[in-house]
Structures are given as structure tokens and as C-alpha cells.
Amino acid sequence: AIFNLLVGGNLKKLNNYIKKLGIPYEFMLNKHDLDQREASFLLHHVHDENKINRVSGLSFGEQNMISLIIFLLIKDGEVIIIDDPASSYDHFRRKTILDMIYEFSDNRTILVLSHDHVFLKYALLHRESSGRKLEMRQELSDIEQKYYELTGNISYLENFNDQCNIKTVNIIDF
């Protein structure tokens, strides 16, 4: 029931992100009962004229990406912890996932744990380039504004001689 409410209330946004990530599926309304205020949805391949539910046809990576989108759409909680959301994807999907995390932040603290240096580099590069645009008095897009305002410290844990140290990562470290 909660899943159907979440999908139904965000159907267009959900399908836009699925498409943006290059996943050839989309959610659609399956059944609905106006009297009971109930609805169910199915996930079909975009080229399937019969619109058969194809959840079992998703790859593991596609399942993870769709799960992340649905997870980010949940408006419950002030703090979200996301563990390694993009390390197994290509550069385009990493950037799209990072943008998605920023777009869905909704005044929440989001802690992303990752060992993917490319993913971290994207966040740093976009924060830095947004800052440079502001210094040159150029207008920022909505996502650039979020990169500039919402990117906090990017740190890594280093274990050396049985000591755990927290190190801040800067753009010059790449």
C-alpha cells in the first residue's frame, strides 16, 4: 500500500528518472478502485505493447537504481544514509545518481558513504565550478545552486598503524 502511494504520487518523476538513467522500463497504473481509493502499478518494458509486468526482467543494477529513486522519494526522516550508491555504474549514471541525490535532498541531511573516488570527485568538481561561477557573478542553475550550498565536507577514513584518522578530501587531491 505504501509502495503504491509512493509510486502513484510520483509516477511522472519516477519514470523521468528511470528514463534518464537509461533503464528501458516504466511504471504505469495497473488497477484502481476509486471507491476504495486503491491503486496498483506495474513495471513494463517500454517496447512491450502488451504492458506485461516485468519486474523480474530487471538486472541487479537496474533494480538498485530504481530502489534508490524510490528510497529518495520517501519524505520521511531528517537524515538519510546512503551506502555506495554509484560505484558499479558508468560515469553518466554516477553523475545522474549524484544529481538525483541533490535534487531529492529536501532540507534533509544526506550522508553518502562511498569508496568510489569518481563519485566523490564529481561532487567536489561541481561545488568548485559553482563557486567559480558565483565569483564571476554568473547565474547558477538549480542543481548548481544545490551543489554549491549543500556539499559539505568530503572526508575519508584512513587506517594507519592501528589508528583511524579522518582526512578531508579537496579537489587538489585528485
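Buried residues make up 34% of the 174 residues in the protein chain, where buried stands for under 20% relative accessible area, exposed for over 50% and partly exposed for what lies in between (1.4 Å probe, protein chains only). The structure is a predicted model, in which local features need pLDDT of at least 70 and side-chain atom pairs count only at pLDDT 80 or more, while totals for chains, interfaces and linings use all residues. Residues are numbered from 1 along each chain as its sequence is written, and side-chain values use heavy atoms, with hydrogens and water left out.

## Overall architecture

Along the principal axes, the C-alpha trace spans about 60 × 45 × 30 Å. Of the contacts between residues at least 6 apart in sequence, 54% join residues at least 24 apart, a contact being defined by heavy atoms within 4.5 Å.

The chain exposes about 11,600 Å², of which carbon and sulfur atoms supply 51%; the areas come from the Shrake-Rupley method with a 1.4 Å probe, and for residues only the protein chains shown count as cover. The chain carries 20 positive and 25 negative charges, whose mean positions are 4 Å apart. In this count Lys and Arg are positive and Asp and Glu negative, with His and the chain ends not counted, and each charge is placed at NZ of Lys, CZ of Arg, CG of Asp or CD of Glu.

## The nonpolar core and its surroundings

In soluble globular proteins, nonpolar side chains tend to be buried together. The largest nonpolar core here has 38 residues, and L14, I23, F27, I66, I69, I97 and M100 touch the most other members; such a core is a set of buried Ala, Val, Leu, Ile, Met, Phe, Trp, Tyr and Cys residues joined through side-chain atoms within 4.5 Å. Elements that each supply at least two residues of this core include α1 (2-9), α2 (11-20), β1 (25-33), β2 (38-45), α3 (60-73), β3 (79-83), α4 (91-103) and α5 (117-135). The largest share, 7 residues, comes from α3.

With neighbours within four places in sequence left aside, I97 is in contact with L21, M65, L68, P85, A86, Y89 and F119. F119 itself belongs to helix α5 and counts as buried at 2% relative accessibility. Beyond residues up to four places away in sequence, F119 touches P85, A86, R94, I97, L98, I101, V112 and S114. The C-alpha atoms of F119 and D84, which are 35 residues apart along the chain, are separated by 9.3 Å.

R94, in helix α4, is a buried residue with a relative accessible area of 11%. Apart from neighbours within four places in sequence, R94 is in contact with A86, S87, Y89, D116, V118, F119 and Y122.

## Positive phi values and an exposed strand residue

K51, in the loop between β2 and α3, has a positive phi of about 55° although it is not a glycine, and K51 is partly exposed with a relative accessible area of 34%. R137, located in the loop between α5 and α6 (142-150), has a phi near 60°, a positive value in a residue other than glycine, and counts as exposed at 78% relative accessibility.

I166, found in strand β6 (residues 163-168), is exposed, with a relative accessible area of 64%. Leaving aside neighbours within four places in sequence, I166 is in contact with S155, Y156 and L157, and the C-alpha atoms of I166 and S155, 11 residues apart along the chain, are separated by 6.4 Å.

Conventions: Helix = DSSP H or I, 4+ residues; strand = E, 2+ residues; numbered from the N terminus.
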